[in-house]
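Let's walk through this chain together, one question at a time. Have the model open beside you as you read.

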Amino acid sequence: MSHPATGRVASEKPAAPVAVDPTVADTVERLEAVLGAVRDFVYGFSPEGRFTFANARLLELWGKTSAQVLGKTMQELDYDPEVERTLLRGVRHVVETGTPHESTTHYTSPAGHAAYYENVLSPVFDAQGRVAWVVGSSRDVTARHRVEAALRASEARFRAVQDTSVDGFMILDTVRDARGTIIDFRWLYANAAAERIVGKPAGWFVGRRLLEEMPGNRAEGLFDAYVRVVESRTPWRHEFSYRHEGVDVYLRATAAPVDDGFAVTFADLSERRRAEEALAERERRFKTLANAMPQLAFTNRPNGDPEFLNDQWAAFTGRPLADLMQNDDTGWHLAMHADDVRPTQARWAASIASGAPYEAEFRLRGHDGTYRWFLTRATPQYAPDGTIERWVGTCTDIDAAKVTEQVLRDQEQALRDADRRKDVFLATLSHELRNPLAPIRTAAQLLGTPGLDAKQLGWAQSVIQRQVTHLAVLLDDLLDVS
């Protein structure tokens, strides 16, 4: 009560002490003997609100004697005003209605002891059925009050946490038939997130039955899972799609037993699921496109390790993709020509370090054991934060172009050689053409000399004829070369 004795009867004007009824005094004397060992504070009031008795524990709390208390009002005993008002209202209620009255008060004793009290006031009737006096008892409930306050604070924190949580949270109790079999569950609590996820208004869940309102729980096997949680006392965790009662969500639920029921928390993973499905669809399309390409396509992680190889790698090399995915001497490097491994790795390491696009030509061994030339190009793909997310590249077969290039080089060299031989031939021919001209010129000059005899004429003619024949042979050779 803030302690019954801590109430103050507020009266408009002080009342003079009145003599206590001898019958009441005799009753009080007998009650004192009985109530001496009672741990509660026991006291009595007259209908006017004056103390008619107080047990030993109450007198000890006040530090007063019976003579100092009996016949006095709470105001005269300098009660705490709030306690006085509470108890006085209770006395008036008992006197006017003839029914008990309960209250709780906080009272600090003269010695400084503060406590919460639970007060009960009850009527005592006389022979005519009127309330002759009011008997009261006050019990120290400080410990219980503290526990209840702690529980209220804990519940308030719990609700604050749950109401701000993005995950749904529910507590359900079991509904059993006469044989004790679980036939349903009843909601005891649901936080705001649960109401939002399921699309129900605030306060809709509490008191309703699970299967009556959401029978999809049985169809999805959730009801049976919850029954196992309660009966086995074992937690349960599951990811699932729920598409019933107009609800379409993908959830991750965790249920644990609580008393004769269970608590379940569930995260709405619908957005994540849709994103994963969209990503999976993009991956599927990418792989389909990559596998349809004639080139050897690949993606690598930021550090250069293989992430994906299309089917063309296995088709060309004749080796399983899992083996080729190894980024060491047992992986795709085994398919590369030994002379190309070191320079190719050096160029790849430089691109990884700088982020510059990668380009290289090297030879790969096919499933038939022959090597073919490939042109490899890879470009970095960047994440939103500017870091390299992966490398995307292709290896294009350029072996035919390489062969053509070699043929062209060989032809070019042959032409250069032919051109050089032509120059040598022309120089030689020029020299050979000049040699016959001198004898011809001499013979021609001799033929112009007067008085030339027959022998000289014959010599000149033979020289000219022989050298012209030699020139004709040289000109035929030139025509052949042309």
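Two strands count as paired if DSSP finds at least two bridges between them. With that in hand, here is a tour of this predicted model.

Q: Which residue takes a positive phi in the hairpin of β9 and β10?
A: The hairpin leaves 2 residues between its strands. A phi near 50 degrees, on the positive side, belongs to Asp259.

Q: How many of the 8 residues of strand β10 are buried?
A: Buried here means under 20% relative accessible area. Strand β10 (residues 261–268) is largely enclosed by the rest of the structure, because its buried residues number 6 of the 8.

Q: What phi does Gly49 take in the hairpin of β1 and β2?
A: Strands β1 (residues 41–45) and β2 (residues 51–54) run antiparallel, joined by 3 bridges, and Gly44 has Phe53 in β2 as its bridge partner. The hairpin has 5 residues between the strands, and Gly49 there takes a positive phi near 95 degrees.

Q: Which strands are at the edges of the open sheet of 5 strands?
A: The strand order is β12-β11-β15-β14-β13, with antiparallel pairing. An edge strand pairs on one side only, and here the edges are β12 and β13.

Q: In β15, which residue is the bridge partner of Gln381?
A: Strand β14 (residues 371–382) pairs with β15 in the antiparallel sense, over 9 bridges. The partner of Gln381 in β15 is Arg390.

Q: What angle does helix α14 make with β14?
A: Helix α13 (residues 338–354) packs on the sheet, touching β11, β13, β14 and β15, and its direction makes about 150 degrees with that of β13. Helix α14 (residues 399–447) lies across β13, β14 and β15, and its angle to β14 is about 125 degrees.

Q: Which element gives the largest share of the lining of the second largest pocket?
A: This pocket has a volume of about 220 Å³. The elements that give two or more residues to its lining are α10, β12 and β15. The largest share, 5 residues, comes from α10.

Q: How many charged residues are in the lining of the second largest pocket?
A: Among the lining residues are Gln381 and Arg390, along with Arg282, Glu283, Lys287 and Glu307. By class, the lining has 4 nonpolar and 2 polar residues, and its charged residues number 5.

Q: How far apart in space are Leu447 and Trp459, C-alpha to C-alpha?
A: The two residues are 12 residues apart in sequence. From C-alpha to C-alpha, the distance is 9.9 Å.

Key:
Residues numbered from 1 in each chain as written. Predicted model: local features only at pLDDT ≥ 70, side-chain atom pairs only at ≥ 80, totals over all residues. Heavy atoms only, no water. 1 Å grid on protein atoms, 1.4 Å probe; cavity = no way out; pocket = protein on both sides within 12 Å on 5 of 7 lines; lining within 4 Å. Points joined across faces, edges and corners; volume = space filled by probe spheres on them. Helix = DSSP H or I, 4+ residues; strand = E, 2+ residues; numbered from the N terminus. Nonpolar A, V, L, I, M, F, W, Y, C, P; charged D, E, K, R; others polar. Contact = heavy atoms within 4.5 Å. Axes fitted to C-alpha atoms, helices over the stretch in contact; angles between N-to-C directions. Buried < 20%, exposed > 50% of the residue type's maximum accessible area, 1.4 Å probe, protein only.
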